[in-house]
Structure formats: structure tokens, C-alpha cells
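I opened a new notebook page for this structure. My entries below follow the order in which I looked things up.

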Amino acid sequence: MPQVTGVAVSPGRVVGTIRAMAPPVAEPSAGERIPRSSDAVTESERIPVAAASAARALARRAERATGEARTLLEVTAQMAVDPSLIQAAQELVITGRLSAARAVWEAGDQVARMLEELGGDMAQRAADVRDVRDRIVAELRGEQPPGIPQVEEPFILTAVDLAPADTATLDPDRVLALITSDGGPQSHTAILARHLGLPAVVAARGIHAFPDGTEVFVDAGAGTITDEVIEDHHRCAAAWTELQNHPLVYGGGGASLADGTAVQLLANIGSAQDALVAEAAHADGVGLFRTEFLFLDRETAPGVQEQAEAYGAVFSRFPGRKVVVRTLDAGADKPLPFLVAGPEPNPALGVRAYRTSWERPSVLTDQLDAIAVAAAASQAEVWVMAPMISTVEDTEDFVALCRERGLGPAGIMVETPSAAITADRHLAACDFASIGTNDLTQYTMAADRQLGALAHLNTPWQPAVLALVRSTCEGARRVAEGPTVDSAVADKPVGVCGEAAGDPALAVVLVGLGVSSLSMAPRSLPLVAAVLASVTLEQAKELAARALAARTAAECRDAVRAGLPILGDLGI
């Protein structure tokens, strides 16, 4: 098998030796019980001790991590000492006389299966629960938990998938690239690989056919791995290494195409800490401020004053610059007790995001009140948008709520095909649109974005997804060119704030389709700016036309990359 193909999630080209993750913890034998002479209570008391030890080990990893990686590790450490998991396992020991290891295994599986049945983001947490389960079982047995190989020379790491505890502590100086046979483009592995700037490919089904020690060339931008390494591969890898040794720096002020066409480059953030990172990266502002951090893991919604202070802390970092606030995107796959009661049979298509305001309007109006208070006290240019909009009525209602509070510009996220197809009608009722390519891809392709088996469908390179991006931009142009539109409000900008914006090749296509701003992880700003500067607007339009004409996602990506020689020069 000379070549394996997966889903590209973080670009880069490297030549290196494959090293596989250590095997998972072996499952204790079914029905493994303690001897009749042993005391069940004493055996059960071993479980919280082992759980606490596993939690401490995860907490120590968290101390060495930063940003999102640290947060994920801290959450995983808390899961290890979750009373419901520990008590369920102890009950199995006491009532069924199972061994502590077997009891933890079964209790962990029960929790994981329950999360999988909920679907969406909750299903993604099932892998985290099983990771915690394995670590507690290893503690009970006195074994080392599974993890990243401990070898001296740099290597390419392969795995079925990685738990947050492993991904968050990857050392880019030792791990050259990351390849998994499972996972999807929105898995923890993919998100943290992008955060680290580590070349990564997920859903590479055949990767385990390459034995440990095989030298391979990884083109993570194209999603390919081959063991037929040639001289040109070494040249590409050397270009990537040079880029790491002398990284590009984004100086702010927006990107310019080769003909001077301006494109605003913004950052995606989810907290005040993220805002500091975006500020240090010289982002032109914030294109997506996720506000869920204030609402998750709470029994009641935060008050107006608490929210206003949190939003104000972010706004203060960007005086005179745009900050686009997304109202609460929760419910269904991110259930909150004060929003939605009970699980839903199909949460990805359920009551989430803006739809939660139909039954709990005060949560949204309180949030808008808080944003208005914080905006009035800051010098930032605060924009507000609602997620998961499907109908023009939703857009009109949301904009009316914003207008009542003096908030503007007020816009919507285009994440559903319905909003993209009727973008002209939506944009006639609001001030701007921001395309969330992650959800737009999921709904266009009818493929759960968390499901690794469907990862090949969940790529924004799908021609159908790009056709909907074009439809949104064309809708904005129709509104701007309408005979009854006041010239003062005719500009209806369309941005992209999904993961697609941080892909340098795809960024060119998006601009060619008519997108005027791109919002991404701060780390992606320099590469996107450099690639955009290599093309004129006409060239970007030509590459966008090639992408739309492609039969498949792979052909779409390959056609565009072939027209961007700078990607090879940069090693991406």
C-alpha cells in the first residue's frame, strides 16, 4: 500500500518515521470477581483512590499545557473524579462482587454509551470517558496508562485516535505530524492539532498497514501519506522545516491580494484568554466570539452584569476594531438545564442555538442586554449575530431585538442550506452574514460532523458546500444592487468564520467567491495572508470557478492547490 488518503485538518509536509501509539489498556475479563475471602467494601474503596491518582496525573499535564489544551486536560481531570462514575463502579463491586477494575470498566462503558445515544457533541465526550476509564483501570493494576511513545528522535505519530490528555501534551519538537485512522475534522485531535500548528490527517483508514519504523512522506494539506519517498518529497519537507525555523508574521492591517484587493483577517475566540492570543497575533479584530464559556456546566443562566463584565474584558482588547459576538449556541447537543429539558432523538436537528429562544426568550434577551451594556462602555466596534438561522422570520425577529437595544450591526450565521439559498431575503433584513462552514457542511452533506466514519463527507472542499457559499455571496450582491436599496446601507458583507477560513488554499477560493472577511485560529493568520498575497482577485475567481466545476471534494482541492505554487514553496 504505497499511499493512504485521509481528511486533511492541519497543513504541512514532512518526511519521517512512523511510531504508533502504545496499545490501549486491556479490558478486564467479563465477570471478573474478587475472591470470596476478600471484602467487597475494601475492594470498592480502591476505586476513588485510583481515580484521584489518575486525576492528579492529568492535572500535572494540564499545568504544562496552555490555552485550549490546558482547559481540555482540566476538564478530563474532573471527569476522573466524577462521583456518578465512581459510585456506579463501587456499587458494582459491592452488589456484584466484581473486581474494582472490571467495575470501573463497566461503569465507564455505561456512561459512554449514554453519551453516544445523545449524539452530537455529547457523543464526542464518550471517547473522553473511556480514556478516563482506561487510566483508572491502569492505576488499579499498577500499569502505565497508554500514551505517546517515548523515543528520542522526532517521529510521525499514528493512532486510532487520541484522547485530549494525549493530544494536549504533544510536543511539536518531537512529533513531526499526527495521523489517525479514526476521528473527524472537528474532533479534539483535529482542533488541537490546528492549535499547535501540527501537520495532521484524520480518518486515514489504511495507516496501520504501515509498520512501525516505516519512513513516509506526509502531505497534510492534501491528506495523503506515502511510503514511496522521493527527492521532491524531501524538498517539500525542507521548505516546511524552514517555515518552522523562520515563521511568517502577520502584521495586522488586513490582507492584500497581489492587485491590492483588501481582505479582513479576523480571529476566532472563546474567552478573554483567547482574546489576548488574538491581540498578540495582530488580528484585525474578532470574527467569531463564542459566548458558550459563560453558560456551560451551570444550572442557571448567568446574570446580565456577570455577562457584561466578561464581554467587556474581551472588547477592551480591541479598541476601534470589530468584534463579532455570536449569541449562545447551545441546546440539544450541548444541553443546558435552563434551556432544553431532556434529550432529543436527533439533537443535530433539534432545538439549539437561536431556536432555544422560542421557548426561553429571556436567556437571549438578557444576553443582548449584557452585550449592549458592555458595548456602550467600550471603544470596540461590536457586531452581533445569531447562530442556526433557517427562516427570514428568525432573522427579522433577531434584528428587531438588537435594534431595540441599540445594537448594530446585527447579522446572522449562515449554517443551513435554507439560509444560503435565500440569502438575499435574509440580508435584506439584516446587516451582514457570517458563514459557519463547519455546520453548513454537516447539514449540506447530511453527515454528523463528529462521526469519524463520515469524515470524508465533512470537508468544506465539497463542491456542494462551495456552491452554497457562492449562493450566499450572490444574495448579498443582489441586495446591494437592488433599485430600492439606500446606498448608505447597501454594503452587506459576507464573512466566513468556520475552519475553512484558516485553510490557506481554501481561503483563496472563498475570496474568489465573494467573501470579504475571514476569521480563523490566530495561528493561521500569517499563512493565509501570505497565500492571499500571491494571487490577484481575477486569479482567485478563476480558482473558485475550478473548485465549483470539480466532480468531487478531492478533485476540487487538487485543482485549486495545483494553481497555487506558493503552497509548495511554503511546504504546505
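**Aromatic rings.** I began with the ring cluster: ring pairs link Phe289, Phe293 and Tyr311. I was working on a predicted model throughout. I counted four aromatic pairs in the structure. Then I looked at Tyr354 and Phe398. Their ring centres are 6.0 Å apart and their planes stand at 90°, so I noted the pair as edge-to-face. The pair links distant parts of the chain, 44 residues apart. I found Tyr354 in the loop between β12 (322–326) and α11 (361–376), and Phe398 in helix α12 (residues 392–404).

Is Tyr354 buried or exposed? Its relative accessibility is 6%, and the cut-off for buried is under 20%, so I put Tyr354 down as buried. Phe398 is buried too, with a relative accessible area of 0%.

**Nonpolar cores.** Next I looked up the largest nonpolar core, which has 117 residues. Which members touch the most others? I listed Val218, Ile225, Leu265, Phe315, Leu518 and Leu532. I followed up Phe315, leaving aside its neighbours within four places in sequence. A second, separate core has 30 residues, including Ala65, Ala100, Ala107 and Val132.

**Helix α8.** I then turned to α8, residues 231–245. This helix has 15 residues and reaches 21 Å from its first C-alpha to its last, close to the 21 Å expected. I noted His233, Cys236, Ala237, Ala239, Trp240 and Leu243 as buried. Seen down the axis of α8, the buried residues fall within an arc of 150°, so they line one face of the helix. Which exposed residues does the face turned away from the buried side carry? I found Glu231 and Asn245 there. What do the buried residues of α8 pack against? My list reads β3 (13–20), β7 (215–219), β8 (224–226), α18 (525–532) and α21 (566–570).

**Strand β15.** My last stop was β15, residues 432–435. Phe432 and Ser434 point one way, Ala433 and Ile435 the other, and all are buried. I checked the strands paired with β15. Strand β14 (residues 410–414) runs parallel to β15, joined by four bridges. Val414 has Ile435 as its bridge partner. Three bridges join β15 to β16 (residues 494–496), also parallel. Here I saw Ala433 opposite Val494.

Terms used. Residues numbered from 1 in each chain as written. Predicted model: local features only at pLDDT ≥ 70, side-chain atom pairs only at ≥ 80, totals over all residues. Heavy atoms only, no water. Buried < 20%, exposed > 50% of the residue type's maximum accessible area, 1.4 Å probe, protein only. Helix = DSSP H or I, 4+ residues; strand = E, 2+ residues; numbered from the N terminus. Pairing = 2+ DSSP bridges. Expected span 1.5 Å × (residues − 1). Arc of directions from axis to C-beta. Contact = heavy atoms within 4.5 Å. Core = buried A, V, L, I, M, F, W, Y, C linked by side-chain atoms within 4.5 Å. Phe/Tyr/Trp six-rings, centres within 6.5 Å; stacked < 30°, edge-to-face > 60°.
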